[in-house]
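Please open the model in your viewer and keep the selection panel at hand. The stops below take pockets and cavities, then helix packing, then backbone details.

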Amino acid sequence: MYVDLGNALSSVASPGVSRESLERLDEDVAAAHERIERGRANDEHGYAALNLPETADPDAIKSTVAPVADAEALVIVGIGGSALGAATLADALDSDVDTHVLDNVDPVDITALLDDLSLADTAVNVVSRSGTTAETLANFLVVREAFETAGVDWTDRTVVTTGEAGPLRDLADTHDLPVLKVPDGVPGRFSVLSTVGLAAAAIRGDDVEALLAGGRDVADSLSGSLFDSPAYAYGATTYALDNRGASINAMLPYAEGLETYAEWYAQLWAESLGKDGLGQTPVRALGATDQHSQLQLYRAGPRNTMVSFVRPRERPDRAIPETDVEGLSYLGDATLGELLDAEFEATEASLAAAGRPNVRIEIERVDERGLGQLLYGLEAACVLAGELHGIDTFVQPAVEWGKNAARGLLGADGEYPEADAVEDKERLIVE
């Protein structure tokens, strides 16, 4: 993974950060790195996620999912961190296994999907650490009913990823389902390189070892200086720009397969750093598509945004056919890859010319190793930014509040005072 901070420097951008400021900040990075390394050494909650390239067991994962290795389609049932990592891998990597993610409870979408699938050829990976996540369990019950209605034994087609205890673990034990344990101390949004994200990858035939090797590449580069670590360089720079007014971070990958990665990043950044009145607001975009929409705001709107570019250095390519259409003949001498690269470089230069801060992140290619580097690198960057902000990166009290309110509204056992807020809502209705 490579990071270029040039267009975030104050000599180019406003807000921007000077080289001298980065050098001063590097002292705080060194202290934060020591804290991160202590957390990793002790397998503390959250920090344990940064050990996954070493602690994940790809052989055990592949052995557990072997009963559904013949699947022609895969349905991942989860939500948030229990689904977005696997979805990121599935959308970025080619596979003969047609993959779908149920991470919402829209009845129209789910019904249409189940009606179209050949369930006898479909594997299901249901993922919930607690085994109590309402959306995930509701969708799984619907999926299970669809299998039963089709006369397909759902127990032969299901792999469970969950914690040591809970309703989902009980279900797996009762029906003797293949089950993978969610690792201790790893929040969902940091879990892509664990059983949470890698079970689906293994079912699809992705190279799990290469994904973990990519994570190790970046883990080995973490050091006490942002100038020696691409992940820390990115995390420290986003922190510095946030403090200088860039409260919005637009993630703009230039590869169609990385569109879901931008969604994964948005959860990681928002849920981890949005605390105590701090944290950048993540925005999802896609190059070159959003050059024709969002770029207008980032170049000419309020000076409150930084743009994070992500692109591969290498990709398969395709020539653009020659044409006699006047004014378009120049395209016939180019390829789609060259056009996309030109679009990227023009957008990057456009922002720099307007003095808008942006950072370039590159991987060699969108493959398992490159994705492992990118995903682990952004996780490490996020942890560093949290340390610099002085917040607990690994908790999500606002998310838990919403979950409790929903449980109360649905009549779950227990006391859920958060549900009272629904009744207390102030209303001003216009009809």
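For residue classes, Ala, Val, Leu, Ile, Met, Phe, Trp, Tyr, Cys and Pro count as nonpolar, Asp, Glu, Lys and Arg as charged, and the others, Gly among them, as polar. This is a predicted model, in which local features need pLDDT of at least 70 and side-chain atom pairs count only at pLDDT 80 or more, while totals for chains, interfaces and linings use all residues. Residues are numbered from 1 along each chain as its sequence is written, and side-chain values use heavy atoms, with hydrogens and water left out.

Begin by selecting A255, E256, G257, R315 and V366, which lie nearest the centre of the second largest pocket among the 19 residues that line it. A pocket here is an open set of points on a 1 Å grid over the protein atoms alone, with protein on both sides within 12 Å along at least five of seven lines; a cavity is a set where a 1.4 Å probe fits but cannot get out, and lining residues have an atom within 4 Å of a point. The volume of this second largest pocket is about 470 Å³, a volume being the space filled by probe spheres set on grid points that are joined across faces, edges and corners. Its lining consists of nine nonpolar, three polar and seven charged residues.

Next, select L252, D290, Q291, Q294, L295, Y298 and T347, the lining of the largest cavity.

Now turn to the helices, which, like strands, are DSSP runs numbered from the N terminus (H or I, at least four residues, for helices; E, at least two, for strands). Display α4 (residues 84-92) with α11 (residues 259-273): these helices pack at about 160° with their axes 8 Å apart, where axes are lines fitted to C-alpha atoms over the stretch in contact and angles run from 0 to 180 degrees between N-to-C directions. The pair is therefore roughly antiparallel, a label for angles over 145 degrees, whereas under 35 counts as roughly parallel, 65 to 115 as roughly perpendicular and the rest as oblique. To see the contact (heavy atoms within 4.5 Å), select L84, G85, A87, T88 and D91 of α4 together with T260, Y261, E263, W264 and Q267 of α11. These residues divide into four nonpolar, four polar and two charged.

Finally, inspect the backbone. S14 and P15 are joined by a cis peptide bond with omega about 0°, and P15 sits in the loop between β1 (2-4) and α1 (19-41). Another cis bond runs from G287 to A288, with omega near 5°; A288 belongs to the loop between β8 (281-284) and α12 (295-300). Last, D43, in the loop between α1 and α2 (52-55), has a positive phi near 55° although this residue is not glycine.
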